[in-house]
Amino acid sequence: MKRTKQFLVLLILCCLGVSVGVSAQDNLQIRKVFEKYGDRKGVTMVELSDEALEGYDFSLFKSITINNDSQAADFIRACLAQDESGAKKVKQVVSNGIPTSIFLQLPPKHQLFRLILFNETFKPEQKTTLIYIESKKDSEDVLKLILKKK
Amino acid sequence: MKLKRRHNLSFEEADALIEKYYDGLTSGEEEKHLHEFLAQRGLPERYKAEQAIFGYFERKKHKPALNMKPVLNWASGIAAMLVIAAGLHFYTTANTKSNYAYVNGVKITKLSEVKSKALMSLNEVSATNNEVEQCFQNMTANDVVQQQLDIFATSEK
């Protein structure tokens with residue numbers, strides 16, 4: 001009985017340890033976007049881990065581009081509204097009262113800087129893009145690099 | 001209650017040995033028997049004093065050794081858990097550290113294609129952003145002043 005108790009205590013501690021080690025994006029709402037729309041038609045989803053991407057030094061890069069789906073765009077905006085708390089809004093473009101471009105700098109987690117980039121265009125067709133980036137580099141530097149590259 | 005006695009020492013024999021002990025006449029062997037008798041549980045009240053004396057001497061004689069068993073139990077448990085945690089960590093990171101893309105529900109794992117898709121999505125975001133910045137840059141201070149004056153001009157009419 002005593003041994004079982006001891007085992008359970010250690011198991012709980014172990015689970016706590018593992019839960020601390022889970023990915024930094026796991027408690028973000030935008031995770032649902034990737035899960036929900038990732039493998040649908042008209043959608044392009046990308047995940048890259050620890051890969052050099054033309055000079056970008058990302059620990060994790062996730063992006064999703066959804067074509068002609070206004071419901072998905074609204075869902076992303078709703079998720080972003082929740083993820084905004086505690087984050088620094090670097091940029092927001094509002095068109096007809098609806099945010100069409102949002103750049104969020106999230107507080108660092110597990111020594112990783114995190115960025116969320118959202119953009120929606122309507123010409124030539126409706127295209128919604130959501131990007132999540134984790135990097136060891138300062139998110140401001142990452143953002144500068146992204147904008148400079150174009 | 002029937003008392004389970006070791007070394008067949010009866011109460012009478014024990015009493016006699018105790019008497020002998022107080023007189024300082026007991027041998028080492030007898031003292032050992034007496035000690036074992038007194039170490040028993042459930043002895044009558046009259047042996048309490050002797051139990052206390054022998055108990056005291058016992059504690060003095062044998063320094064309490066550090067009981068390593070619980071320490072070893074915990075250590076082995078922790079070691080086992082660390083192995084499990086390391087395994088879980090490896091499993092989760094192995095699962096998350098992957099490079100792939102889904103295009104219209106079709107999975108792509110070719111790294112060059114995945115990277116190209118990643119760059120395309122980055123361009124989507126940065127392109128629009130540049131358009132916005134460009135808009136702001138094109139709009140000179142004079143334009144702003146002119147626009148503001150136009151508002152008053154129309155309201156005058």
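How many bridges link strand E1 (residues 43-49) and strand E4 (residues 60-67) of chain A, and in which sense do the two strands pair? In this predicted model, E1(A) and E4(A) are joined by seven bridges. Their pairing is antiparallel. Within this pair, Val43(A) faces Ile66(A) of E4(A).

The two strands belong to an open sheet of eight strands. Both chains contribute to the sheet. Its order is E5(A)-E6(A)-E7(A)-E8(A)-E4(A)-E1(A)-E1(B)-E2(B), and the pairing is antiparallel. The edges are taken by strand E5 (88-95) of chain A and strand E2 (106-108) of chain B. Each edge strand has a single partner, so one side of each is left without a neighbour in the sheet. From one strand to the next, the twist averages 10 degrees.

Helix H3 (residues 70-83) of chain A packs on this sheet. It touches four strands of chain A: E4, E6 (98-109), E7 (112-121) and E8 (127-135). The direction of H3(A) makes about 145 degrees with that of E7(A). The loop between E4 and H3 of chain A holds Asn68(A). Phi of Asn68(A) is positive, near 50 degrees, in a residue other than glycine.

Chain A as a whole contains four helices and eight strands. Read from the N terminus, its elements follow the pattern α-α-β-β-β-β-α-β-β-β-β-α. The chain has 150 residues, and 44% of them are buried. Its accessible surface comes to about 7,800 Å². Carbon and sulfur atoms supply 54% of that surface. Among contacts in chain A with a separation of 6 or more, 52% are between residues 24 or more positions apart.

One pair of residues gives an example of positions separated along the chain. Lys36(A) and Ala72(A) are 36 residues apart in sequence, and their C-alpha atoms are separated by 9.3 Å. Lys36(A) lies in helix H2 (residues 31-37) of chain A. Its relative accessible area is 38%. This value falls between the cut-offs of 20% and 50%, so Lys36(A) counts as partly exposed.

Two further loops of chain A carry backbone features of note. Most residues other than glycine have a negative phi, and most peptide bonds are trans. Asn96(A) has a positive phi, near 55 degrees. This residue is placed in the loop between E5 and E6 of chain A. Asn96(A) has a relative accessible area of 78%, and is therefore exposed. The other loop connects E7 and E8 of chain A and includes Pro124(A). The peptide bond between Lys123(A) and Pro124(A) is cis, with omega at about 0 degrees.

On chain B, a nonpolar patch lies on the surface. It is formed by Leu66(B), Met68(B), Val71(B) and Leu72(B). Together these residues have about 420 Å² of accessible area. Leu72(B) is part of helix H4 (residues 69-96) of chain B. The relative accessible area of Leu72(B) is 53%. Exposed residues are those over 50%, so Leu72(B) is classed as exposed.

Methods:
Residues numbered from 1 in each chain as written. Chains lettered and ligands numbered in written order. Predicted model: local features only at pLDDT ≥ 70, side-chain atom pairs only at ≥ 80, totals over all residues. Heavy atoms only, no water. Patch = residues over 30% accessible without salt bridge, like charges linked within 9 Å, V, L, I, M, F, W, Y side chains within 5 Å. Areas by Shrake-Rupley, 256 points an atom, 1.4 Å probe, with all protein chains shown as cover. Salt bridge = Lys/Arg side-chain N within 4 Å of Asp/Glu carboxyl O. Buried < 20%, exposed > 50% of the residue type's maximum accessible area, 1.4 Å probe, protein only. Pairing = 2+ DSSP bridges. Axes fitted to C-alpha atoms, helices over the stretch in contact; angles between N-to-C directions. Contact = heavy atoms within 4.5 Å.
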